[in-house]
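Subject: Structure handover

Dear colleague,

Please find the structure below, followed by notes on what was found in it. The cut-offs are given where each term comes up.

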Amino acid sequence: MTQSVMVHTVRAFVTPKGEGGNKAGVVAPSPELSPQDYQHVAKTMGHSETAFVLPPDTHKPGDFKVRFFTPTDEVDLCGHATIGTFSHMAQTGQIKPGQYQQQTKAGVLDLEIDAQNTVWMTQAKPQFGEPLNTQQRAEVADALQLTSSDLDDALPAQSISTGVKELFVPLKSLKALHSIQPDQQKILALSKKHNVAGIYPFTQETQNRLHVAQGRNFLPALGIPEESATGVANGGLAAYLVKQQLVSPNVAQQGIILEQGHAMDLPSEIQARVALNANGDIDHVKVGGRAIAENQTEVKLYALV
């Protein structure tokens, strides 16, 4: 006996022209499946993440429970899959514009769908790691096949988590960013060494002068060589830019736009807002974007619950 689920493919964080974005699988609503079946669906789809929307746990606040799987692992949170999931649910009439909460392994997180169908997700309070030392920076440069001189020595390279911990590496130029030839095995080793999901090099040089930074995201530890648009990582990047006083708090609270995917010919735009508390410290980050549906796929299951 077999069972199947229907998976919708969406592109999240597309530009206003509908370009670029990052593909995610969406199963909404999803039946309760075994961990093996969730993983089978994600691996079959081959997207960096596939999201499964389930009824909420009754002992927690929240409107939906969402689980996220890469082709190899379950992850606590995925930004682009969240944007894609709730954009898809709004476009198919499952939900209306308004305020929602999703239960994730990163916690219960607020969501907003505005009148333009932009989905905004609130991420966990940023957690900043210790800056890398000179030797560690050289190791990261080597893994990216750059030299230490390509890194911006006026800024720290450090881990940040707004739900998923990544290592953020400031570069001096867009030329350096686009010249990266990642050594995936070395990046994997460094990810394990620093206990991060991946490495996110970025620069303040951008394709669009109104945008504030452009980055690339390498996640071989999760089975993802490179992602074209990453919601959680760009939440961390937005927090970094404010903490390092590269973007003013007033501008960040109103909203900034970050670029990703240009090196993959998938230009993507991630909106971000950084909220401060009464002490002037970063309280939380919101990341927003739009998504476009592409197609749907029926995936057969064999390991039933």
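Q91 touches A291 and A293, where a touch is a contact with heavy atoms within 4.5 Å and residues up to four places away in sequence are not counted. The side chain of Q91 reaches the backbone oxygen of A291 at 3.0 Å. Q91 lies in helix α2, residues 79-91. Helices (H or I, at least four residues) and strands (E, at least two) are DSSP runs, numbered from the N terminus. Q91 counts as partly exposed because its relative accessibility is 44%; buried is under 20% relative accessible area, exposed over 50%, and partly exposed in between (1.4 Å probe, protein chains only). Between Q91 and E49 there are 20 Å from C-alpha to C-alpha, and the two are 42 residues apart in sequence.

The model is predicted: local features need pLDDT of at least 70, side-chain atom pairs count only at pLDDT 80 or more, and totals for chains, interfaces and linings use all residues. Residues are numbered from 1 along each chain as its sequence is written, and side-chain values use heavy atoms, with hydrogens and water left out.

Strands

Two strands pair if DSSP finds at least two bridges between them. β18 (residues 282-289) pairs with β8 (residues 119-122) in the antiparallel sense over 4 bridges, and T122 stands opposite K286 of β18. β18 also pairs with β17 (residues 268-276), antiparallel over 6 bridges; here A275 has H284 as its bridge partner. β17 and β18 form a hairpin with 5 residues between them, and G280 in the turn has a positive phi of about 85 degrees.

β11 (residues 165-170) is mostly covered, with 5 of its 6 residues buried. It runs antiparallel to β10 (residues 158-161), joined by 4 bridges, and S159 is partnered with L167 of β11. β10 and β11 make a hairpin with 3 residues between them, in whose turn G163 has a positive phi of about 145 degrees. β11 pairs with β12 (residues 198-203) in the parallel sense over 5 bridges, with G198 of β12 as the bridge partner of E166.

Pockets

A pocket is an open set of points on a 1 Å grid over the protein atoms alone where a 1.4 Å probe fits, with protein on both sides within 12 Å along at least five of seven lines; lining residues have an atom within 4 Å of a point. The largest pocket has a volume of about 210 Å³. It is lined by 17 residues, of which N22, K23, G46, H47 and S48 are the closest to its centre. β2 (22-27) and β15 (224-227) each supply at least two lining residues, and β15 gives the largest share, 4 residues. The lining divides into 5 nonpolar, 8 polar and 4 charged residues.

The second largest pocket holds about 170 Å³ of space. K125, F128, V242, K243, Q245, V247, P249, L276, G280, D281 and I282 line it, and they divide into 6 nonpolar, 2 polar and 3 charged.

Regards

How values were computed
Grid points are joined across faces, edges and corners, and a volume is the space filled by probe spheres set on the points. Ala, Val, Leu, Ile, Met, Phe, Trp, Tyr, Cys and Pro count as nonpolar, Asp, Glu, Lys and Arg as charged, and the others, Gly among them, as polar. A polar contact is a pair of N or O atoms within 3.5 Å; within protein, one must be able to donate a hydrogen and the other to accept it, and residues adjacent in sequence count only if both atoms are side-chain atoms.
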